[in-house]
Amino acid sequence: MFLCKLAPAALVSASMLAGLTMGDDDSRYRDLVQLRQLQEKFHGASTKADVKMMASIWTQDAVFSGGGNVVKGRDKIVDFFRRGANWGKAANLAPTYKSTFQIKGNKATIQFECVIVKVDGSSPLTTALSSLPPGSQNSKVEIVQHSNTTIEAVRRGADWKIRSFTGKGGAIK
């Protein structure tokens with residue numbers, strides 16, 4: 001069993017954005033923020049079992065590849081995650097310092113490490129983050145899956161959507 005210490009997602013996101021200046025003419029930073037939010041929505045939808053949020057981040061013709069599965073089409077991808085063993089039962093995390101974003105016009109590539117943790121029998125983040133003294137570890141937290149992930153995103157109007165998702169890694173035994 002692997003143990004880990006978790007940090008609130010809001011603090012992780014805030015650290016990524018520290019020092020960025022948002023200007024009306026600076027679309028690069030706006031794109032970077034929106035792509036980070038796309039990544040957060042993916043992890044949030046899985047953690048919260050939010051079908052509507054999960055559906056909102058994919059293009060109609062999206063392709064998911066991971067764990068030996070290839071799933072084509074937004075609705076089928078959403079159903080694939082909804083039926084998954086970790087849907088709403090595990091926290092899906094991506095350490096910000098390991099994420100990279102490459103933006104070229106209306107296309108972008110996001111690469112990140114994805115860590116899925118389970119907590120004995122209750123809401124993963126609530127249990128993992130509550131009442132922990134600084135520097136301690138929660139022995140109930142177990143890393144169950146790890147992958148290195150690449151997302152190819154496209155801009156659709158004002159929004160970024162996932163067109164392809166490739167995860168390499170899998171369950172930790």
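**Salt bridges**

Modeller: Lys98 and Glu113 form a salt bridge, with their closest N and O atoms 2.7 Å apart. The term means a side-chain nitrogen of Lys or Arg within 4 Å of a carboxyl oxygen of Asp or Glu. This is a predicted model: local features need pLDDT of at least 70, side-chain atom pairs count only at pLDDT 80 or more, and totals for chains, interfaces and linings use all residues. Residues are numbered from 1 along each chain as its sequence is written, and side-chain values use heavy atoms, leaving out hydrogens and water.

Colleague: Where do Lys98 and Glu113 lie?
Modeller: Lys98 is in the loop between strand 3 (91–93) and strand 4 (100–104), while Glu113 is in strand 5 (residues 107–119), so the pair ties together parts 15 residues apart in sequence. Strands (E, at least two residues) and helices (H or I, at least four) are DSSP runs, numbered from the N terminus.

Colleague: Is Glu113 buried or exposed?
Modeller: Buried, at 12% relative accessibility. The cut-offs are under 20% relative accessible area for buried, over 50% for exposed, and partly exposed in between (1.4 Å probe, protein chains only). Lys98 is partly exposed, at 38%.

Colleague: New topic. How many salt bridges are in the whole structure?
Modeller: A search finds 6. One of them joins Arg155 and Asp31 (2.7 Å, N to O). Arg155 is in strand 6 (residues 141–156) and Asp31 in helix 2 (residues 27–48), 124 residues apart.

Colleague: And what does Asp79 pair with?
Modeller: Arg82, at 2.4 Å between the closest N and O atoms. Both sit in helix 4 (residues 74–82), about one helical turn apart.
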